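The points below are grouped by topic.

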Amino acid sequence: MLKEVNATRFITPLREGGSLPGLVEADDLGTYVLKFSGAGQGRKTLVAEVVCGELARRLGFRVPSLAVVGLDPVLGLGEPDERVQELLRSSGGGNLGMDFLSGALGFDPLAFPVDAGEAGRIVWFDALVNNVDRSWRNPNLLRWRGALWLIDHGATMIWQHNWPGAEASAARPYDASDHALARFAPDVAAAAADLAPRITEDLLAEVTAEIPDAWLADEPGFATPGELRRAYARPLLARAAVIHERIQGIQGIQGSQDSEGNGGTT
Ligand SMILES: Nc1ncnc2c1ncn2[C@@H]1O[C@H](COP(=O)(O)OP(=O)(O)O)[C@@H](O)[C@H]1O
Ligand SMILES: [Mg+2]
């Protein structure tokens with residue numbers, strides 16, 4: 001179970017990203033980056049954060065701790081920005097909180113070298129979950145205490161937006177040509193050899209068990225949250241075994257112009 005806290009104070013909106021997360025203080029005295037349940041893609045973005053963040057953590061990546069943050073819309077009453085007020089109003093109940101890394105810097109690929117091993121692990125992981133939001137323009141990587149931390153996994157697992165087509169969607173290759181770490185000769189073969197065998201049904205059951213039931217309720221075609229949890233696990237399990245052969249657009253890797261007929265760009 002993810003930690004559960006309640007927001008006690010809305011500090012400020014964070015404007016760097018696309019989705020307008022907020023910074024809040026909670027009743028455990030922690031400071032959290034809050035992803036609103038009432039934002040654009042809503043709770044599916046939050047589910048993606050939980051599945052990818054908790055999976056990455058179990059594979060040894062640095063990911064800020066996640067929590068479910070209860071929000072009373074009343075907290076937004078004094079907020080001058082109407083967009084923020086609207087988000088607060090529509091996000092009562094549980095939201096996704098991520099431990100705020102105070103003093104973290106945005107990752108700059110020109111200023112901070114990454115070794116081929118670490119680059120390979122991150123590119124492989126992003127290929128696994130089909131993360132389209134770790135480009136050099138928008139790396140969603142933070143530098144904190146001398147190390148790289150992964151954030152923002154909301155734009156992953158595109159198949160969750162169309163479950164009937166999920167299997168076909170998850171069989172498609174991953175285009176890494178714009179990836180923030182593409183320039184560091186990512187050793188995805190080594191990463192796959194180490195990480196792929198660790199993606200098991202048990203591990204994915206543990207990870208998907210972290211998704212709050214409320215974010216899984218009423219999904220068309222699924223009778224129970226448990227069924228939907230298994231639907232999240234299935235494409236990841238299938239992809240883990242093959243995705244390293246389907247990463248396109250980075251040096252040293254032959255793009256697979258294969259039978260799926262997807263030439264690369266997505
Ligand atoms: N855990 C964190 N610690 C410190 N800063 C963060 C953290 N999470 C996000 N940020 C900052 O807020 C920005 C927006 O957050 P992000 O998760 O990328 O949301 P968006 O979906 O809007 O892109 C990030 O680019 C980063 O500068
Ligand atoms: Mg972002």
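In this predicted model, helix H1 (43–58) and helix H6 (residues 201–208) pack at an angle of about 130°, with their axes 9 Å apart. Angles over 145 degrees would count as roughly antiparallel and those from 65 to 115 as roughly perpendicular; H1 and H6 are therefore oblique to each other. The crossing in which H1 passes H6 is right-handed.

**Contact of H1 with H6**

- H1 contributes Val51, Glu54, Leu55 and Arg58 to the contact.
- On the side of H6, the contact is made by Leu203, Val207 and Thr208.
- By residue class, the contact of H1 with H6 comprises four nonpolar residues, one polar residue and two charged residues.

**Domain arrangement**

- The protein chain is divided into two parts, with domain 1 covering 3–99 and domain 2 covering 106–248.
- The centres of domain 1 and domain 2, taken over C-alpha atoms, are separated by 21 Å.

**Side of domain 1 that touches domain 2**

- Contacts between the domains involve 26 residues of domain 1 and 25 residues of domain 2.
- Helix H1 and strand S5 (93–99) each supply at least two residues of the side of domain 1 that touches domain 2.
- H1 provides the largest share of this side, namely 15 residues.
- The residues of this side of domain 1 fall into 14 nonpolar, five polar and seven charged.

Notes. Residues are numbered from 1 along each chain as its sequence is written. Chains are lettered from A and ligands numbered from 1 in the order in which they are written. This is a predicted model: local features need pLDDT of at least 70, side-chain atom pairs count only at pLDDT 80 or more; totals for chains, interfaces and linings use all residues. Domain bounds come from an automatic or database domain assignment. Two residues are in contact if their C-beta atoms, placed from the backbone, lie within 7 Å. Helices (H or I, at least four residues) and strands (E, at least two) are DSSP runs, numbered from the N terminus. Ala, Val, Leu, Ile, Met, Phe, Trp, Tyr, Cys and Pro count as nonpolar, Asp, Glu, Lys and Arg as charged, and the others, Gly among them, as polar. Axes are lines fitted to C-alpha atoms, for helices over the stretch in contact, and angles run from 0 to 180 degrees between N-to-C directions. Angles under 35 degrees count as roughly parallel, over 145 as roughly antiparallel, 65 to 115 as roughly perpendicular and the rest as oblique. A crossing is left-handed if the near helix is turned anticlockwise from the far one by less than a right angle, and right-handed if clockwise.
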